[in-house]
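Hello,

Here is the structure I promised to pass on. Have a look at it first, and my notes follow below.

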Amino acid sequence: MAIYFNFQKRVYLLNRTRLKSFISLLASKEKMVVKELNFIFCDNAYLLDINRSNLQHDYFTDVITFGANDGSSNRISGEIYISVDMVKSNAATYDTTFSNELHRVIFHAVLHLCGYKDKTKNDIMLMRSKEDLYLELYRQFQ
C-alpha cells in the first residue's frame with residue numbers, strides 16, 4: 001500500500017499516518033485494497049486547468065479523481081486532485097469545518113475508486129450516505 005500527499009497549495013493535514021491507515025480501512029470495508037494513491041492538494045486555478053484539459057469541463061470543482069484500475073482487480077490506484085480553495089468555500093457554504101469537508105472530499109474520491117458513482121439522484125444519495133458513514137467511523141478511528 002502506498003498513499004502519498006503532494007502539495008501544489010499547502011494544507012494542514014492532521015495526523016497523516018492515521019488518515020492513510022483509515023483510507024486503507026475504508027477500501028477494505030468496500031472489498032478493495034489500496035495499491036497506490038496520489039493526493040494532490042491544489043488551488044482553484046490548477047484544478048480548473050485539469051478540468052478543462054482532461055475532461056473538457058469549464059467550471060470549478062472540489063475534486064477530480066483519475067483511476068488507474070484495470071477493472072479486473074480489487075486493487076485501487078489513482079491520482080486525486082483536491083482544490084483547497086473549493087473545500088474552504090464548501091465548508092462555509094455547508095456550515096461545517098474545513099477539516100470535516102476536506103475529509104469528506106478525500107473519502108468521496110476513494111469511494112469513486114471503489115466503484116461508486118454520483119451522476120444520478122440515487123447514486124448521489126448512496127455516495128452521501130457512504131461519506132457520512134466513513135466520516136463518523138473516522139471520528140472514532142484510532
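**What is in the core**

The largest nonpolar core has 34 residues, and those touching the most other members are Ile23, Phe39, Phe41, Ile82, Ile106 and Phe107. By nonpolar core I mean buried Ala, Val, Leu, Ile, Met, Phe, Trp, Tyr and Cys residues joined through side-chain atoms within 4.5 Å, with buried meaning under 20% relative accessible area (1.4 Å probe, protein chains only). At least two residues of this core come from each of β1, α1 (16-29), β2, β4, α3, α4 (98-113) and α5 (121-140); α4 gives the most, with eight. Helices (H or I, at least four residues) and strands (E, at least two) are DSSP runs, numbered from the N terminus.

Please keep in mind that this is a predicted model: local features need pLDDT of at least 70 and side-chain atom pairs pLDDT 80 or more, while totals for chains, interfaces and linings use all residues. Residues are numbered from 1 along each chain as its sequence is written, and side-chain values use heavy atoms, without hydrogens and water.

Leaving aside residues up to four places away in sequence, Ile23 touches Ile3, Val34, Leu37, Phe39, Ile106 and Val110 (contact: heavy atoms within 4.5 Å). A second, separate core of six residues includes Ile40, Cys42, Ile50 and Ile64.

Now the sheet: four strands, in the order β1-β2-β4-β3, form an open sheet with mixed pairing (strands pair if DSSP finds at least two bridges between them). Because β1 (2-7) and β3 (63-67) are at the edges with a single partner strand each, one side of each has no neighbour in the sheet. β1 pairs with β2 (residues 33-42) in the parallel sense over six bridges, and Ile3 stands opposite Leu37 in β2.

Best wishes

Technical notes: Buried < 20%, exposed > 50% of the residue type's maximum accessible area, 1.4 Å probe, protein only.
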